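Please keep the sequence and the model in view while reading.

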Amino acid sequence: MRAIRVASAALLGAGALALTAPSAAAGDSNAFGFSVMPSTIAAGGQVTLSVDRGNGNCGGTVIVSSGVFDTVRIPPDRSQSTATVDWDARPGASYRVTFTCNGGDTGTAQLTIAGGRVPTPVPYPPNRGVHAGEGGTVGGFDLKELGLGTLLIVGSVGAAYHFSRRRTGEDGA
């Protein structure tokens, strides 16, 4: 009975080791950290591509490529960048995103396209400028107001002329 328990424990341990070995080997092939956020997005949306610069394994330019967006270069002084997913991305499809460090190390992540689409933004109508020349210049004048204004101006000019002529006559006499 004791041998059965020992054999079962050994078999269980060997199975667990065999199942975790491929993931440990995959972790060793990727010497730098990276991520795609969000991992599921609608066509036309923006994803953030991040690289872990803290471990020092990838200090140079990182090139990120995928079949669903244009190639993005993350310079050495930055740790993230954004990419816009193509509008013609197939809903429900999963695309591979490849991160390539300047030392040749590569890593991949998956980006899934959601079923919906991001709405197209509606642009504002172009500004045509103001409608000048209507408000305070000619628009809204009445003939009575024009006549009264003309009468006041002519009256004030006439009064000024009359008083200026009268003074010169009194001074000369």
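## Terms and basis

Two strands are said to pair if DSSP finds at least two bridges between them. Helices (H or I, at least four residues) and strands (E, at least two) are DSSP runs, numbered from the N terminus. The model is a predicted one, in which local features need pLDDT of at least 70 and side-chain atom pairs count only at pLDDT 80 or more, while totals for chains, interfaces and linings use all residues. Residues are numbered from 1 along each chain as its sequence is written, and side-chain values use heavy atoms, with hydrogens and water left out.

## Overall make-up

The chain holds three helices and eight strands, and along the sequence these elements follow the pattern α-β-β-β-β-β-β-β-β-α-α. Of the 173 residues in the chain, 19% are buried, where buried means under 20% relative accessible area, exposed means over 50%, and partly exposed lies in between (1.4 Å probe, protein chains only). Among the contacts (heavy atoms within 4.5 Å) with a separation of 6 or more, 56% are between residues 24 or more positions apart.

## The three-stranded sheet

Three strands form an open sheet in the order S1-S3-S6, with antiparallel pairing. Its edge strands are S1 and strand S6 (80-84), each of which pairs on one side only. On average, neighbouring strands of this sheet are turned by 20° against each other, direction ignored; such angles run from 0 to 180 degrees between N-to-C directions, with axes being lines fitted to C-alpha atoms, for helices over the stretch in contact.

Strand S3 (residues 46-51) pairs with S6 in the antiparallel sense over five bridges. Gln-46 has Thr-84 as its bridge partner in S6, and Thr-48 stands opposite Thr-82.

## The nonpolar core

A nonpolar core is a set of buried Ala, Val, Leu, Ile, Met, Phe, Trp, Tyr and Cys residues joined through side-chain atoms within 4.5 Å. The largest such core has 24 residues, of which Val-47, Leu-49, Val-64, Phe-69 and Leu-111 touch the most other members. Two or more residues come from each of S2, S3, S4, strand S5 (72-74), strand S7 (94-100) and strand S8 (106-117).

Leaving aside residues up to four places away in sequence, Val-47 touches residues including Pro-38, Phe-69, Ala-83 and Leu-111. Most peptide bonds, by contrast, are trans.

## An aromatic pair and a buried serine

The structure holds one aromatic pair, a term for rings of Phe, Tyr and Trp (its six-membered ring) whose centres lie within 6.5 Å, with planes under 30 degrees apart counted as stacked, over 60 as edge-to-face and the rest as tilted. The rings of Phe-34 and Phe-99 are stacked, because their centres are 4.7 Å apart and their planes stand at 25°. Since Phe-34 lies in strand S1 and Phe-99 in strand S7, the pair ties together parts that are 65 residues apart in sequence. Phe-99 counts as buried, at 0% relative accessibility.

Ser-66, in strand S4 (residues 62-66), also counts as buried, because its relative accessibility is 16%. Not counting residues up to four places away in sequence, Ser-66 touches Tyr-95, Arg-96 and Val-97. A polar atom of the Ser-66 side chain lies 3.0 Å from the backbone oxygen of Arg-96.

Key. A polar contact is a pair of N or O atoms within 3.5 Å; within protein, one must be able to donate a hydrogen and the other to accept it, and residues adjacent in sequence count only if both atoms are side-chain atoms.
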